[in-house]
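Look over the structure below before reading on.

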Amino acid sequence: MKAFQLTRATSDAQAIATAAKSKTAQQGADVRFIAGGTTLLDLMKLQVEQPTTVVDINHLALDKVEATPDGGLTIGASVRNSDLAHHPLVKKNYPVLSEALLSGASAQLRNMATTAGNLLQRTRCLYFRATDLPCNKREPGSGCGAIGGANRSLAILGTSEKCIATNPSDMNVALAALEAVVHVRGAKGERAVPLADFHLLPGDTPERETVLEPGDLITHVTLPPPLPGSRSVYLKLRDRASYEFALASAAVVVAVVNGRITQARVALGGVGTKPWRSPEAESALTNQEPSPASFQKAAEAALRGAKPQSQNAFKIELAKRCLAHALQLATQPA
Ligand SMILES: Cc1cc2nc3c(=O)[nH]c(=O)nc-3n(C[C@H](O)[C@H](O)[C@H](O)COP(=O)(O)OP(=O)(O)OC[C@H]3O[C@@H](n4cnc5c(N)ncnc54)[C@H](O)[C@@H]3O)c2cc1C
Ligand code: SF4
């Protein structure tokens with residue numbers, strides 16, 4: 001690991017002012033916030049990330065989970081994944097989020113990992129993590145080793161000719177289905193970014209993964225009130241039952257009234273270059289009876305735009321089955 005300066009932030013303003021000096025908020029940033037460190041330190045050891053200054057934000061007051069007056073939830077950026085997963089309001093009103101968090105990593109990692117760190121975790125593409133291999137995301141213009149190379153675990157939705165890396169987070173998939181909003185404080189003030197707009201498609205600039213600018217500090221995430229009468233499920237399919245990233249996953253929130261689906265929120269993980277909300281699946285489900293046929297139609301709609309690579313065509317069928325089964329679990333009689 002290269003030498004770096006570690007500073008402890010004593011206020012949001014100080015953290016933002018320090019990080020705002022960075023040339024970029026993303027790849028190659030010379031100033032980085034550190035929260036749990038489970039992504040950043042890993043990448044610094046691999047020399048994929050080489051910040052010269054690391055700002056410890058663990059002492060900022062960003063660690064609260066609170067109900068909002070409208071019945072929603074505010075989640076502080078530094079709330080640990082384990083605390084969030086076991087919070088009574090999350091278990092009661094947003095079980096899909098609790099299930100997604102508990103399906104990720106290990107108990108020890110979840111005790112360290114934070115909400116904002118999880119939102120910003122980086123791809124597990126092996127070319128990205130090895131500095132001697134070509135990777136447009138790590139080193140723009142160097143090529144994409146995964147296209148035509150080892151791409152079994154990579155994306156089939158939202159890919160570009162420059163990058164096919166999967167967003168690896170489980171939490172992000174649940175947040176997409178819950179229509180979360182990310183709150184950011186930066187050098188130019190505060191703003192609220194819907195999760196759907198927070199992560200960027202790779203396009204020609206895969207090194208740019210989110211809308212964050214230099215100095216932007218995520219302060220909290222909000223969730224709207226739960227859909228009335230809804231049930232939710234997170235289903236994750238992977239090579240082994242624990243300590244593994246998703247090959248395909250589905251987060252679904254479904255309300256059924258008088259035998260018809262009145263509202264549906266659907267997001268997929270393990271298959272998209274960003275947490276993949278599927279309006280197509282949601283429209284296919286709305287006003288339908290919950291049945292294997294309607295679930296299959298929704299799954300077909302969600303994967304219609306899939307573009308497989310040399311090793312990951314199996315993900316199309318896997319993701320369809322994953323989504324159909326999650327919908328069945330969310331709508332079966334209690
Ligand atoms: C072995 C292993 C297995 C894993 N398995 C899974 C899995 O199955 N599923 C899954 O979803 N995840 C998995 N993870 C990833 C894990 O969830 C993330 O590493 C973790 O959530 C990152 O959180 P952190 O607080 O440690 O982030 P850090 O490493 O501290 O930070 C990550 C990034 O976020 C930035 N950042 C942090 N806080 C803020 C803030 N408030 N504002 C702006 N920027 C900020 C940092 O600058 C850095 O760029 C795994 C990780 C490991 C090491
Ligand atoms: S898929 Fe993206 S992260 Fe992986 S090698 Fe290609 S450019 Fe790099």
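Two strands count as paired if DSSP finds at least two bridges between them. Helices (H or I, at least four residues) and strands (E, at least two) are DSSP runs, numbered from the N terminus. This is a predicted model, in which local features need pLDDT of at least 70, side-chain atom pairs count only at pLDDT 80 or more, and totals for chains, interfaces and linings use all residues. Residues are numbered from 1 along each chain as its sequence is written, chains are lettered from A and ligands numbered from 1 in the order in which they are written, and side-chain values use heavy atoms, with hydrogens and water left out.

**Four-stranded sheet**
- An open sheet holds four strands in the order S9-S10-S11-S12, with antiparallel pairing.
- Its edge strands, S9 (230-237) and S12 (276-277), each pair on one side only.
- S9 and S10 (residues 248-257) run antiparallel and are joined by eight bridges.
- Tyr234 has Ala251 in S10 as its bridge partner.

**Three-stranded sheet**
- Another open sheet has three strands in the order S1-S3-S2, and the pairing is parallel.
- S1 (5-8) and S2 (31-34) are at the edges with a single partner strand each, so one side of each has no neighbour in the sheet.
- Over four bridges, S2 pairs with S3 (residues 53-56) in the parallel sense.
- Val31 is opposite Thr53 in S3.

**Cavities**
- A cavity is a set of points, on a 1 Å grid over the protein atoms alone, where a 1.4 Å probe fits but cannot get out; its lining residues have an atom within 4 Å of a point.
- Volume is the space filled by probe spheres set on the points, which are joined across faces, edges and corners.
- The whole structure has two cavities of 30 Å³ or more.
- The largest cavity contains about 180 Å³ of space.
- Its lining has 20 residues, and those nearest the centre are Lys137, Asn167, Leu200, Glu209 and Thr273.
- The second largest cavity contains about 90 Å³.
- Its lining has 17 residues, with Cys125, Cys135, Cys144, Cys163 and Ala165 closest to the centre.

**Ligand 2**
- Ligand 2 sits in the second largest cavity, meaning that more than half of its atoms lie within 2 Å of the grid points.
- Around ligand 2 are 14 residues, each with a heavy atom within 4 Å of the ligand.
- The closest are Cys125, Cys135, Cys144, Cys163 and Ile164.

How values were computed:
1 Å grid on protein atoms, 1.4 Å probe; cavity = no way out; pocket = protein on both sides within 12 Å on 5 of 7 lines; lining within 4 Å.
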